[in-house]
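Please consult the sequence and the structure alongside the text.

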Amino acid sequence: KKVNRLYKMIKVIEQEFWTSKQRQANSLHEISYRACFKPQLPKFFIEKYTKEDDVVYDPFLGRGTTIIEASLLRRNVIGNDINPISKILTEPRLNPPTLYQVKKRLNDIEFKQNLKADIDLSMFYHLETESEIVSLKNYLLEKEKSNNLDYIDKWIRMVATNRLTGHSKGFFSVYTLPPNQAVSPQRQIEINKKYNQIPEYKNVKEIILKKSKALLKDIDLFILNNLKNIQSIILCNDARFTNLIKSESIDLIVTSPPFLNVVQYSKDNWLRSWFNGI
């Protein structure tokens, strides 16, 4: 009887979100992550239950859909995920650089030749591509170690992390599974045999710039200025222990809990973790 009374107090809203209009979301969302939802879903609830400058929270951040959408709607945001890749993928899109800044920084980064990864990646990358990836990895880790990793570097790291492997020409790798699932080296060897393919050279800087252009397509100066005025906190904690969040400070939570019985997040992200020194 108690449970029945509780259900009577809960308002249920039914509406279609996965429709042909799903492609109308802002371009800033378009990075790959396992089991992410469409931005229209959090947008509906954010617009319905909050106002500008309210605080929206997602305790299971994933690729950051909820807080990116909330920021675009001029809400302050807090995001948390125990997976550090989530912070790497989300934080730079809350403070994006201009395409000109990305291009200039890429031109300034020196890629060394004939560098090899500390693990065998020959089934994924051409030798020259692998050298460029390792050069970029070393550059980013050195900047991070010296606390000189700025918002442009973080953007480049985010895009590169998202372009490591995939099933189109817009990725650093040879054809493989979708980018939210990095297959094992042995499985990639089998894929290469099946499709009779060998990794061809991919220009890392060109791919990063092209993807940056796509992500920033809908971001004008007005949106850029709005994003810079948003207050954001990105945490990397167990969701039960987020002591930096003040009590009674959250106006709305929109989240999707992790699919722990379906998705093996460590296996999906092993290559992204390697690239980021995790």
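## Basis of the description

The model is predicted: local features need pLDDT of at least 70, side-chain atom pairs count only at pLDDT 80 or more, and totals for chains, interfaces and linings use all residues. Residues are numbered from 1 along each chain as its sequence is written, and side-chain values use heavy atoms, with hydrogens and water left out.

Four strands form an open sheet in the order 3-2-1-4, with parallel pairing. Strand 3 (232–235) and strand 4 (252–253) are the edge strands, each pairing on one side only. Helices (H or I, at least four residues) and strands (E, at least two) are DSSP runs numbered from the N terminus, and two strands pair if DSSP finds at least two bridges between them.

Strand 1 (residues 55–58) pairs with strand 2 (residues 76–80) in the parallel sense over four bridges. Within this pairing, Gly79 of strand 2 is the bridge partner of Asp58, and Val77 of strand 2 is that of Val56. Five of the five residues of strand 2 are buried, so the strand is largely enclosed by the rest of the structure. Asn76, Ile78 and Asn80 point one way from strand 2, whereas Val77 and Gly79 point the other way.

The buried residues of helix 3 are Thr65, Thr66, Ile67, Ile68, Glu69, Ala70 and Ser71. Their cover includes helix 2 (40–49), helix 4, helix 10 (221–228), strand 1, strand 2 and strand 3; contact means heavy atoms within 4.5 Å. Just after helix 3, Arg74 adopts a positive phi of about 65°.

## Packing around helix 5

Helix 5 (residues 99–108) packs with helix 9 (residues 204–215) at an angle of about 170°, their axes being 10 Å apart. Axes are lines fitted to C-alpha atoms, for helices over the stretch in contact, and angles run from 0 to 180 degrees between N-to-C directions. Helix 5 and helix 9 are therefore roughly antiparallel to each other. Angles under 35 degrees count as roughly parallel, over 145 as roughly antiparallel, 65 to 115 as roughly perpendicular and the rest as oblique. In the contact of helix 5 with helix 9, helix 5 contributes Leu99, Val102, Lys103, Leu106 and Asn107, and helix 9 contributes Lys205, Ile208, Leu209, Ser212 and Lys213. These residues divide into five nonpolar, two polar and three charged. Ala, Val, Leu, Ile, Met, Phe, Trp, Tyr, Cys and Pro count as nonpolar, Asp, Glu, Lys and Arg as charged, and the others, Gly among them, as polar.

Helix 5 also packs with helix 7 (residues 151–162), at about 85° and with the axes 10 Å apart, which makes helix 5 roughly perpendicular to helix 7. Gln101, Val102, Arg105 and Leu106 of helix 5 meet Tyr151, Ile152, Asp153, Trp155 and Ile156 of helix 7. By class, this contact has six nonpolar, one polar and two charged residues.

## Cysteines

The model has zero disulfides, a disulfide being a pair of cysteine sulfur atoms within 2.5 Å. Cys36 is in no disulfide, and the nearest cysteine sulfur, that of Cys236, is 19 Å away. Cys36 is partly exposed, with a relative accessible area of 35%, and Cys236 is partly exposed at 34%.

## A buried loop residue

Val174 lies in the loop between helix 7 and helix 8 (185–194) and is buried, with a relative accessible area of 9%. Apart from its neighbours within four places in sequence, Val174 contacts Met123, Phe124, Gly166, Gln188, Asn192, Gln197, Ile198 and Pro199. Val174 and His126 are 48 residues apart in sequence and 8.3 Å apart in space, C-alpha to C-alpha.

Terms used. Buried means under 20% relative accessible area, exposed over 50%, partly exposed in between (1.4 Å probe, protein chains only).
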